[in-house]
Amino acid sequence: MTPSSSGLSSAEAAVRLERDGPNLLPRKPPTPLWRRVVTQLRDPLIIVLLIAAALTVGTGDWTDAAVIALVIVVNTAVGVTQEVRADRAITALAELATPEARVVRDGHQRRIPAGDVVVGDLLVLAEGDIVPADAEVVESAALLVDESALTGESVPVDKDAGAAVSSGTVVARGRGRAVVTAIGAASASGRIASLMVKGAGLTPLQRRLVGVGRLLAGVAVLLSALVLVLGLVRGQPVELMVVTAISLVVAAVPESLPAVVTLSLALGARRMAARDALVRNLPAVETLGSVTVLATDKTGTLTEGRMVARHLWTPAAEAAVTGSGYAPDGKITGGDPDEFAELLTAAALCNDARLRPPQENGEEWTALGDPTEAALLAAAARLGLDRADLQERFPRIAELPFDSDRKRMSTVHLLPGGGVRLICKGAPEALLRPDVLADDPELPARAAERADRFARDGYRVLAVAAADLDAVPHPVREDGLRLLGLVAILDPPREAAAAAVADCARAGIRTVLITGDHPGTARAVAADLGIIRVGDRVVDCREPGAFDNGPAGVYARATPEQKLDIIESLRTRGEVLAMTGDGVNDGPALRRADIGVAMGRRGTEVARQAADLVLADDNLDTVVAAVEEGRRVYANIRRFLVYGLSGGAAEIAVMVLGPFLGLPLPLLPAQILWINLLTHGLPGVALGGEPTVPGTMSQPPRPPGQSIMGAGLWQRVVRIAVVLTAVTLGVAVWGAMTGRPWQSMAFFALGATQLGVALGTRTRPGTLANPMLLLAVGGAFVLQLAGIYLPPLRELLGTRPLSPGDLLVVVALSTLGYAAARLDRILHPSPTPAQD
């Protein structure tokens with residue numbers, strides 16, 4: 001007996017399992033925890049803090065060492081947690097395989113674990129089965145396979161003997177047998193899993209912060225070393241100057257930046273969740289704000305992911321069909337409904353699909369079987385035709401199932417008055433032929449011309465014909481038929497998709513369609529939604545040299561590997577790319593894009609696990625809302641950098657310039673650390689909660705190559721730092737010249753002026769839009785007062801109390817920090833207001 005009938009022997013299967021290994025998908029080797037921790041500790045800012053912590057321990061300053069160590073631990077823990085989450089995508093894909101498979105072994109059908117399937121096994125497939133491995137069909141009985149999760153094709157594919165079926169696809173109808181040709185990593189799902197094992201790389205925010213961290217670390221160390229040398233030259237104690245230099249390093253390095261970033265991202269994630277966008281990877285929040293290209297698949301993202309009959313044509317009339325999904329709601333418009341009753345009656349009878357009504361509140365009508373046939377049933381229902389009633393009146397007594405050679409399906413039904421009716425439904429090119437139709441010779445040509453126009457508009461067209469006979473012909477013949485008409489079917493665009501594409505365009509984001517679907521269908525959907533205009537190029541990825549002529553707005557018939565190539569080419573040109581998808585085939589692209597966006601309802605678990613953002617409502621306009629949140633997060637991080645770096649720069653400038661103005665040691669190490677703790681603590685973190693700048697979504701995204709310190713941010717930091725330095729040194733010099741406690745005055749002035757900058761950088765000054773910031777600044781100001789008036793703190797910080805008059809003068813001068821921040825935004829606005 002041949003393998004196609006008896007399958008493998010158990011002995012041979014065992015040999016092949018030992019030779020080839022189990023039918024399991026590749027997984028990324030687990031990364032040891034210590035390696036994850038080491039990776040996080042290589043950040044330049046963290047390295048500087050580690051050195052500072054070691055030096056403080058060496059000088060016996062255990063309190064400062066503990067504070068610095070706490071910052072390092074928290075930042076490292078957050079980074080490691082995010083890495084662990086990202087690795088779950090591979091696990092989800094591995095779990096896609098069916099737990100069991102039906103195979104023929106030793107001539108008998110049996111169920112075995114899917115992991116035990118080997119090359120050469122004879123699979124037994126039936127409706128609802130997930131194909132466990134790549135295979136070649138050897139027997140087929142109306143076998144129809146849904147490949148949408150793997151290829152993006154919205155219509156199930158007929159599989160005759162000799163056709164290939166891929167692992168991870170689903171049998172939509174019929175039954176068959178197939179010989180396994182590839183398992184595990186060599187299968188279709190295995191190749192996708194191998195693509196997903198490759199790393200996703202750093203997000204734009206992470207890349208920018210790494211650059212800033214390296215620069216800040218270098219500058220902080222050099223300037224602190226300069227202060228150390230100047231102090232030693234002036235004869236200051238070595239231990240005092242070492243602690244002072246360490247304190248300046250801690251002050252100059254914005255160690256609360258990780259906390260600010262985390263809070264900003266968390267607040268953005270919470271707001272996105274309220275708008276049905278669930279964040280799986282916090283840096284993705286900011287990445288959305290820098291997106292320049294939105295690459296989207298078609299089925300289930302731009303479209304509803306279900307087939308709907310939209311147009312009817314008969315030799316005498318034409319009409320449109322309204323309604324959505326598979327619900328019977330809707331009607332025939334543009335013609336007399338009675339003109340189409342015969343066409344839709346025949347389409348409902350020559351049909352093997354079923355419609356299931358909602359089973360509970362909130363559920364929709366669903367299709368059981370071929371979605372194209374379900375669309376015909378829904379159209380018939382909108383004309384008031386009930387399938388059960390039709391089947392009772394016209395019982396089916398014979399049939400010829402659909403196959404890819406004939407490209408049609410035929411059924412024979414008893415007529416109430418006697419005789420039978422033969423109904424044939426299929427592709428126009430299979431029915432609109434003189435040897436099939438008995439109509440006027442001009443009618444097939446007229447119908448074919450109308451079918452071509454439907455096809456150019458992106459519709460899938462079915463022709464329906466019938467013949468009344470005296471008895472059932474044996475065998476059933478498919479000729480001498482009368483054409484009843486055409487039905488144009490499509491997967492309709494989502495109502496919100498066009499608005500989302502337009503919103504992206506207004507925000508300077510280009511939308512690109514990447515799909516496994518047919519070029520004609522992809523072009524029609526893209527044109528309908530405004531992604532491309534008439535005449536724009538559509539790339540058919542199967543054609544030689546498809547990518548030789550530069551970027552396009554639509555890429556059709558793209559494989560998972562080609563999707564990766566397209567994404568890489570866009571990123572190579574400097575684009576920041578967001579990719580949406582819902583299928584297994586989208587997993588690698590979602591992982592490789594700067595940000596992957598998965599559909600929550602329709603999407604596969606693989607897509608959801610590979611993505612950074614999951615849309616709970618499957619609506620593309622939710623991405624637009626998420627982009628707005630991302631831009632808000634980025635603006636708030638820049639806002640904190642202005643505040644934190646200007647303060648740190650002022651602290652170093654005061655320490656460097658003070659001795660030249662007769663101030664031997666302007667600030668003590670404890671005073672520097674206290675100011676740093678108050679200003680970079682809650683006030684700095686609270687800046688991450690500032691609301692969105694008005695007009696954010698009418699601005700283009702920032703240039704992809706722009707540094708986070710670009711667009712005038714460095715200059716702003718310097719200008720504000722000059723004001724902070726001038727106020728602090730001015731107060732100190734005046735105090736020293738008049739015999740006042742000048743060091744305490746400088747200490748209070750520097751802290752209070754920085755708090756004024758925090759208020760001045762707000763998005764909406766004079767409002768309660770961010771009450772947390774007001775409370776944080778108020779609390780920090782009270783603690784700054786406590787530093788010069790509360791005896792225990794005075795002893796710790798080495799300060800002296802100020803008289804009411806001196807305090808009033810210093811407070812008045814400290815308002816210059818607020819004025820400097822406000823005036824700088826007015827006189828020197830950012831090129832892109834959303835970044836201001």
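1. The model examined here is a predicted one.

2. Strands β23 (residues 577-581) and β24 (residues 595-599) run parallel and are joined by four bridges. Within this pair, A578 has I595 of β24 as its bridge partner. As background, strands of a sheet pair through backbone hydrogen bonds, either parallel or antiparallel.

3. Residue T515 deserves a separate remark. It is located in the loop between β20 (510-514) and α19 (519-529). Is T515 buried or exposed? Its relative accessibility is 2%, and because buried means under 20%, T515 counts as buried. Apart from its neighbours within four places in sequence, T515 is in contact with K298, A522, Y555, A556, R557 and A558.

4. The next matter is the packing of α23 against another helix. Helix α23 (residues 621-657) and helix α26 (residues 713-737) have axes 8 Å apart and pack at an angle of about 45 degrees. The two helices are therefore oblique to each other, and the crossing of α23 and α26 is right-handed. On the α23 side the contact is made by residues including R638, L641, V642, L645 and A649, and on the α26 side by residues including L713, R716, V717, I720 and L724. The residues of this contact of α23 with α26 divide into 14 nonpolar, four polar and two charged.

5. Helix α26 has a further packing partner. At what angle do the axes of α26 and helix α27 (residues 742-760) cross? They cross at roughly 155 degrees and come within 8 Å. Angles over 145 count as roughly antiparallel, and α26 and α27 are therefore roughly antiparallel to each other. The crossing of α26 and α27 is right-handed. Among the residues that make the contact are I720, L724, V727 and W734 of α26, together with W742, M745, L750 and V757 of α27. The residues of the contact of α26 with α27 divide into 13 nonpolar, four polar and no charged. I720 and L724 of α26 take part in the contact with α23 and also in the contact with α27.

6. A second open sheet of eight strands has antiparallel pairing and the order β12-β11-β10-β19-β18-β17-β16-β15. Strands β12 (332-333) and β15 (396-403) stand at its edges; each has a single partner strand, so one side of each is left without a neighbour in the sheet. Helix α13 (residues 341-349) packs on this sheet and touches β10, β12, β15, β16 (408-414), β17 (420-426), β18 (460-469) and β19; the direction of α13 makes about 75 degrees with that of β19.

7. Five of the six residues of β10 (residues 308-313) are buried, so the strand is largely enclosed by the rest of the structure. It pairs with strand β19 (residues 482-490) in the antiparallel sense over five bridges. In β19, L312 has V487 as its bridge partner, and W313 stands opposite L486. With strand β11 (residues 318-321), β10 pairs in the antiparallel sense over three bridges, and W313 has E318 as its bridge partner there. A hairpin of four residues joins β10 to β11.

8. Finally, some totals place these details in context. The protein contains 30 helices and 25 strands. Of its 836 residues, 55% are buried. Among contacts with a separation of 6 or more, 71% come from residues 24 or more positions apart.

Notes: Residues numbered from 1 in each chain as written. Predicted model: local features only at pLDDT ≥ 70, side-chain atom pairs only at ≥ 80, totals over all residues. Heavy atoms only, no water. Buried < 20%, exposed > 50% of the residue type's maximum accessible area, 1.4 Å probe, protein only. Contact = heavy atoms within 4.5 Å. Axes fitted to C-alpha atoms, helices over the stretch in contact; angles between N-to-C directions. Parallel < 35°, antiparallel > 145°, perpendicular 65-115°, else oblique. Left-handed = near helix turned anticlockwise from the far one by under 90°. Nonpolar A, V, L, I, M, F, W, Y, C, P; charged D, E, K, R; others polar. Pairing = 2+ DSSP bridges.
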